[in-house]
Amino acid sequence: MQPVLGVFGGAFDPIHWGHLGLARELRAALRFSAVRFIPVGDPPHRAAPVATAAHRLAMVELAIAGYPDLQVDAREILRPGRSDTVPTLEELRSEEPSRPLALIVGADAFLGLPTWHRWREVFALAHVVVVGRPGVTIEDALPPALADEWSRRRCPDAAALGRTAAGSVLVQAVTAHPISASAIRAQLARGPDGVAAARGLLPAAVLAYIDRNQLYRSRPDAP
């Protein structure tokens with residue numbers, strides 16, 4: 001058995017308590033050695049983030065300060081070109097060839113896995129931890145290309161993740177965090193009143209950084 005590193009990618013635009021709560025709950029439940037936040041640079045499957053890469057990286061650094069079990073990794077921001085997941089996992093694997101890696105994805109992202117670049121290679125590089133969502137039954141929604149991988153790789157418990165470096169799929173239920181970055185951006189677009197309304201949704205240091213740099217205020221956020 002080896003300690004498992006959780007890999008948590010996303011825009012983090014901005015990072016909020018939902019992201020942090022999810023990461024810490026998974027780390028405790030699955031006994032990860034740490035969870036590593038990897039802010040996306042140029043996302044291939046969604047619109048460009050509103051805040052710049054530098055601002056989003058700074059906000060993640062502020063958010064995880066004081067949590068030794070959480071880490072930040074800037075490689076996708078520093079790497080030129082599109083931020084595909086497989087090259088990131090390849091780099092992590094080359095750095096620690098035998099360490100188990102667990103890619104954390106939401107149920108919707110997992111169901112869209114066949115649209116990712118070189119998606120089948122994900123399983124050779126990492127385990128996949130799928131965060132369940134209320135009302136989303138994964139088995140009923142699997143695209144045909146993913147159904148075979150699901151049936152072959154599904155594992156019953158977290159212990160299996162530490163026995164091999166990659167290749168398993170685990171579904172993990174977590175506490176619901178009804179916070180969204182898009183809703184926070186919409187609040188912040190209102191100016192000072194929006195900043196006050198966003199208190200409690202994200203760490204105070206992150207909110208102060210947003211206010212200091214006047215982020216998310218230039219235009220109302222799109223849905």
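Visitor: Which residues form one aromatic cluster?
Guide: In this predicted model, the cluster is formed by Phe8, Phe12 and Phe37.

Visitor: Why is the pair of Phe8 and Phe37 called tilted?
Guide: The ring centres lie 5.2 Å apart, and the cut-off for a pair is 6.5 Å. Phe8 belongs to strand β1 and Phe37 to strand β2, 29 residues apart.

Visitor: What makes Phe8 and Phe37 count as buried?
Guide: Buried means under 20% relative accessible area. Phe8 has 7% and Phe37 has 0%, so both are buried.

Visitor: Why is the pair of Phe110 and Trp150 tilted?
Guide: Their centres are 5.8 Å apart and their planes stand at 50°, so this pair is tilted. Phe110 lies in helix α5 and Trp150 in helix α8, 40 residues apart. Both Phe110 and Trp150 are buried.

Visitor: How do you know that the buried residues of α8 are on the same side?
Guide: The buried residues of α8 are Leu146, Glu149, Trp150 and Arg153. They cover an arc of only 105° around the axis, which means that they share one side of α8. Pro144, Ser151 and Arg152, on the other side, are exposed.

Visitor: What covers the buried residues of α8?
Guide: The cover includes α5, α6, α7 and β6.

Visitor: Which residues touch the most other members of the largest nonpolar core?
Guide: Among its 38 residues, these are Ile15, Phe32, Phe37 and Met59. Apart from this core lies another of 27 residues, including Phe110 and Trp150.

How values were computed. Residues numbered from 1 in each chain as written. Predicted model: local features only at pLDDT ≥ 70, side-chain atom pairs only at ≥ 80, totals over all residues. Heavy atoms only, no water. Buried < 20%, exposed > 50% of the residue type's maximum accessible area, 1.4 Å probe, protein only. Helix = DSSP H or I, 4+ residues; strand = E, 2+ residues; numbered from the N terminus. Arc of directions from axis to C-beta. Contact = heavy atoms within 4.5 Å. Core = buried A, V, L, I, M, F, W, Y, C linked by side-chain atoms within 4.5 Å. Phe/Tyr/Trp six-rings, centres within 6.5 Å; stacked < 30°, edge-to-face > 60°.
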